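Visitor: Hi! Could you walk me through this model?
Guide: Happy to. Here it is.

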Amino acid sequence: MFENKIIKNLNNQLNLEYFTSKLYLEMSFWCDIKNLKNANIFFQNSSNDELKHMNKIFKFLCDINVLPIINSNISLNINFNSLLNVFKKAYINEKKITRNINYISNISLKYKNYKIFHFLKWYILKQIKEEKILKTIIDNLIFFNNNQKDILIFDNLFLSKYI
Ligand SMILES: [Fe+2]
């Protein structure tokens, strides 16, 4: 019974990775329209990474004989008004993912489900890296004015380091 609760949350995590992949893909489209070449690549890569995170959970659930359930009714609230706004939304989303991973880790430990806790360790460490990159980009982007010229310079000079 306890395992069901943990698995339900792990399945939610799978869908959160799926949602995130779609969100980052949409962000990459927005960057493409704004001619932000490196930001476009950054979010395309991120979108692909999120699919890998999702597939890792798929594989794990199948390995423990649980059929994963995909929530196909994912609706994105897309309303981006600047590159800074895009990165801030990505950062907020990663914080949400971290909270969810921590929650599942917590209940896995509480109910002594060490195999799931062990599986989640990779995600715990991954989230530290994901948050750090986005925070670094935001902290640097904040110093740039929101005009096309400055943002293009930021895209060319700074974001090239992260793709
Ligand atoms: Fe992820």
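Visitor: Great. How many helices and strands are in the chain?
Guide: The chain has five helices and zero strands, so the order from the N terminus is simply α-α-α-α-α. Bear in mind that this is a predicted model.

Visitor: What box do the C-alpha atoms fill?
Guide: Roughly 55 × 25 × 20 Å, taken along the principal axes.

Visitor: And what share of the residues is buried?
Guide: Of the 163 residues, 28% count as buried.

Visitor: Let's switch to packing. At what angle do helix 1 and helix 2 cross?
Guide: Their axes cross at roughly 165 degrees and come within 8 Å. Angles over 145 degrees count as roughly antiparallel, and helix 1 and helix 2 are therefore roughly antiparallel to each other. The crossing of helix 1 with helix 2 is left-handed.

Visitor: Which classes of residue make that contact between helix 1 and helix 2?
Guide: That contact has 14 nonpolar, nine polar and three charged residues.

Visitor: How do the axes of helix 1 and helix 3 cross?
Guide: The axes of helix 1 and helix 3 cross at roughly 170 degrees and come within 10 Å. That makes helix 1 roughly antiparallel to helix 3.

Visitor: Which residues are involved there?
Guide: Helix 1 contributes residues including I6, L10, L23, M27 and W30, while helix 3 brings V86, A90, I97, I101 and I104, among others. By class, this contact has 14 nonpolar, six polar and one charged residues.

Visitor: New topic: which residues have the most contacts inside the largest nonpolar core?
Guide: Those are M27, A39, F43, L83, F87 and A90, in a core of 18 residues.

Visitor: I'm curious about L83. What does L83 touch?
Guide: Leaving out residues up to four places away in sequence, L83 touches L36, A39, L141 and I151. A39 is another of the residues with the most contacts inside the core.

Visitor: What lies apart from that core?
Guide: Another core, of 14 residues, among them I6, L14, M54 and I101.

Definitions and conventions
Residues numbered from 1 in each chain as written. Predicted model: local features only at pLDDT ≥ 70, side-chain atom pairs only at ≥ 80, totals over all residues. Core = buried A, V, L, I, M, F, W, Y, C linked by C-beta atoms within 7 Å. Buried ≥ 20, exposed ≤ 12 C-beta atoms within 10 Å, placed from the backbone. Contact = placed C-beta atoms within 7 Å. Helix = DSSP H or I, 4+ residues; strand = E, 2+ residues; numbered from the N terminus. Axes fitted to C-alpha atoms, helices over the stretch in contact; angles between N-to-C directions. Parallel < 35°, antiparallel > 145°, perpendicular 65-115°, else oblique. Left-handed = near helix turned anticlockwise from the far one by under 90°. Nonpolar A, V, L, I, M, F, W, Y, C, P; charged D, E, K, R; others polar.
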